[in-house]
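This briefing covers one protein chain. Look at the sequence and the 3D structure first, then read the points below.

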Amino acid sequence: MLKKLIKHDVKSNIKVIAGAYSLITLFAILHLIMEKLYKAYPGAVQWSVLENILFILHILSVGAGFAITIITSVLYYRKSMFKDESYLTHTLPVSETMIFTSKYLSALILFIINIVGAYITMSISVGSPLWCIKFIKGFADGMKESGFTILSQWLVVISLVVGALYGISQLFGSITIGYSFGKKMNKDVCSFLTYFIGYVVMQVFSIAFVVIAAAGRGMMTQLVESAEAPDMGVLNAYISDVLIGSIILMIVMMIFYCGMSVYLLNKKLNVD
């Protein structure tokens, strides 16, 4: 049943994303054409200008594609859980836990589809499917040359993955908490305030982690007593401490948002 719910949710949103990526693909193709023309006629300034403009438009459109996916997922979650389609959703012969899980996983699948779409359009734009390997290798080599360890590099990757999972839980959790308030309250305003408060709390904890990690590694004293940059080994350890703290915090908050959402859907469901 979970598979059917996810399939329905993805199908309900995929048309919007497909439409957005049709335009993104067009920008990618046009950029590739302009790049070929510029290489064929290096003295023609107009091809260089058009290539740069189209490259910028393509990058911006990829960012817009991710934004459209987030907005579409949020609006669909709101509509299907608390608005027009809420009665149909909550009368399905499945638990609220399964319903929330399907919404969460479908949003995650749409996010992954965006990543694949961005990779494909970028491959079209640069004329090579191997650009990602070169980019990752260049990034890793750059970090290695700067003195960063393999652990630090992997922690960056893990923090990005956990950050995406946490971001979905925060959005859906904020809406669920916001719609649990009394009927006289504006649920959308409550949802926004819940999200904003959660964001502020995360920033406060993040700053605290940065300060505590710096103090724990003796970096605060070193910076105060001397203007010299800290030792690379100490800096690596400090960055690892901050990333590990951030990852743990995001996991804890993700569990909180998901757990609170399931609890409220089971115990305090309010639909308009």
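Of the 272 residues of the chain, 36% count as buried, where buried means under 20% relative accessible area, exposed over 50% and partly exposed in between (1.4 Å probe, protein chains only). This is a predicted model, in which local features need pLDDT of at least 70, side-chain atom pairs count only at pLDDT 80 or more, and totals for chains, interfaces and linings use all residues. Residues are numbered from 1 along each chain as its sequence is written, and side-chain values use heavy atoms, with hydrogens and water left out.

**Fold**
- The chain has 9 helices and 0 strands; these are DSSP runs (helices H or I, at least four residues; strands E, at least two), numbered from the N terminus.
- Along the principal axes, the C-alpha atoms fill a box of roughly 65 × 55 × 35 Å.

**Surface**
- The accessible surface of the chain is about 15600 Å², and 74% of this belongs to carbon and sulfur atoms; the areas come from the Shrake-Rupley method with a 1.4 Å probe.
- A nonpolar surface patch of about 920 Å² includes Val189, Phe192, Tyr199, Val201 and Phe205.
- Val201 lies in helix α7 (residues 187-216).
- Val201 counts as partly exposed because its relative accessibility is 31%.

Methods
Patch = residues over 30% accessible without salt bridge, like charges linked within 9 Å, V, L, I, M, F, W, Y side chains within 5 Å. Salt bridge = Lys/Arg side-chain N within 4 Å of Asp/Glu carboxyl O.
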